[in-house]
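User: I am new to reading protein models. Could you walk me through a few features, one at a time?

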Amino acid sequence: MAALIAENFRFLSLFFKSKDVMIFNGLVALGTVGSEELFSVVAFNCPCSPARNYIYGLAAIGVPALALFLIGVIWNNHTWNLVAECHKRGTKNFSAAATFLLFGSIMGRAAVAPVTWSVISLLRGEAYICALSEFVRPSSLDKFPAEYGAEVLATFPCKDVPANFTKFRDEVTRRLRYESQLFGWLLIGIVAVLVFLTKCLKHCCSPLSYRQEAYWAQYRSNEDKLFRRTAEVHSRILAAKNVKHFFGFVALDKEEKELVQEFPVEGVQPSPQWNAITGVYIYRENKGFPLYSRLHKWAKGVEGNGPSPEGHEMLFLAS
């Protein structure tokens with residue numbers, strides 16, 4: 001049981017796998033800050049009407065955050081690797097805990113932009129003030145006219161309020177901005193603690209040494225770059241051959257002619273090979289030797305995706 005729990009916790013290594021991921025997350029956060037500032041200046045306009053304020057204020061925070069979250073899920077390579085894995089092989093190779101942590105990693109990466117958006121929105125306070133101004137209890141305001149209620153309070157986020165309500169508007173705005181910023185700072189603190197604990201747990205549960213983990217990250221990066229570059233050249237040469245077969249000739253520039261002459265392409269890879277190198281990859285060792293990717297595993301001729309008597313598989317997912 002303890003061994004199973006330890007293996008499943010190694011899936012937490014999905015988060016912040018390398019400095020590149022952290023830099024990317026930082027750029028996403030900065031881009032989100034800029035987008036939120038632009039939205040607040042250009043698009044945000046509180047209706048200052050009872051019942052509408054609450055919906056509009058929550059929508060101003062929640063809808064962009066939801067859109068950014070979905071974009072983050074779409075841009076995450078693990079999402080489509082998981083889709084391919086489920087389509088081709090199912091999730092039979094993963095335990096329930098491992099599958100849960102895999103989804104958690106995708107959600108965690110995708111949450112960078114929406115959390116940033118929410119934090120900046122709360123620190124600015126406009127959306128929060130717009131949403132909750134009408135819910136302030138009039139009795140909590142000193143000498144507030146008893147005959148007025150939510151209708152007047154809903155207009156406080158706007159500037160066109162009667163002069164005799166200016167001091168009440170300032171008090172309500174100050175109070176709600178304090179609450180909004182407090183929630184924003186608390187959210188920052190919670191996220192910082194979670195990131196710190198995740199990083200600690202990831203390094204504690206990692207089956208690899210620091211140097212081997214760095215090597216694995218370099219290998220994955222180089223393999224991906226070389227694979228994409230080679231695939232682009234291969235597809236161009238294959239397309240040139242097919243166009244020439246159809247027309248009898250093909251119009252190539254000097255660089256493309258050199259590529260065709262230097263790299264003869266005989267055919268295409270069969271679908272089973274593509275399926276073998278596509279999908280979620282779990283770090284594994286075979287006879288004590290590491291297998292760093294599905295392509296590496298295929299090149300070594302290792303079959304299957306589950307542990308075998310000759311191999312040792314650890315639930316340590318490549319990012």
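This is a predicted model: local features need pLDDT of at least 70, side-chain atom pairs count only at pLDDT 80 or more; totals for chains, interfaces and linings use all residues.

User: How does the length of helix α10 compare with what its 38 residues should span?

Analyst: Expected span is 1.5 Å times one less than the number of residues. Helix α10 covers residues 210–247, so it should span 56 Å; its end C-alpha atoms are 55 Å apart, which agrees. Just after α10, Gly 248 takes a positive phi of about 95°.

User: Which residues in α10 are buried?

Analyst: Buried means under 20% relative accessible area. In α10 the buried residues include Trp 216, Arg 220, Val 233 and Ile 237. Arg 228 has 53% relative accessibility, so it counts as exposed.

User: Where does Asp 224 find its salt bridge partner?

Analyst: A salt bridge needs a Lys or Arg side-chain nitrogen within 4 Å of an Asp or Glu carboxyl oxygen. Asp 224 pairs with Arg 228, with the closest N and O atoms 3.1 Å apart. Both lie in α10, four residues apart, about one turn of the helix. Glu 232 and Arg 236 form a salt bridge too, at 2.6 Å. The structure holds seven salt bridges.

User: What makes up the nonpolar surface patch?

Analyst: Tyr 178, Leu 182, Phe 183, Leu 186, Ile 190 and Leu 194 make a patch of about 610 Å². Phe 183 sits in helix α9. Its relative accessibility is 42%, so Phe 183 counts as partly exposed.

User: What does UniProt place at residues 182–201?

Analyst: The unreviewed UniProt entry lists a transmembrane region there. In the model, that span is 100% helix, with its end C-alpha atoms 29 Å apart.

Conventions: Residues are numbered from 1 along each chain as its sequence is written. Side-chain values use heavy atoms; hydrogens and water are left out. UniProt positions are given in the numbering used here, feature names are shortened, and annotations may be inferred rather than shown by experiment. Helices (H or I, at least four residues) and strands (E, at least two) are DSSP runs, numbered from the N terminus. Patches are made of residues with over 30% relative accessible area and no salt bridge: like charges are joined within 9 Å, nonpolar side chains (Val, Leu, Ile, Met, Phe, Trp, Tyr) within 5 Å. Accessible areas come from the Shrake-Rupley method with a 1.4 Å probe; for residues, only the protein chains shown count as cover. Buried means under 20% relative accessible area, exposed over 50%, partly exposed in between (1.4 Å probe, protein chains only).
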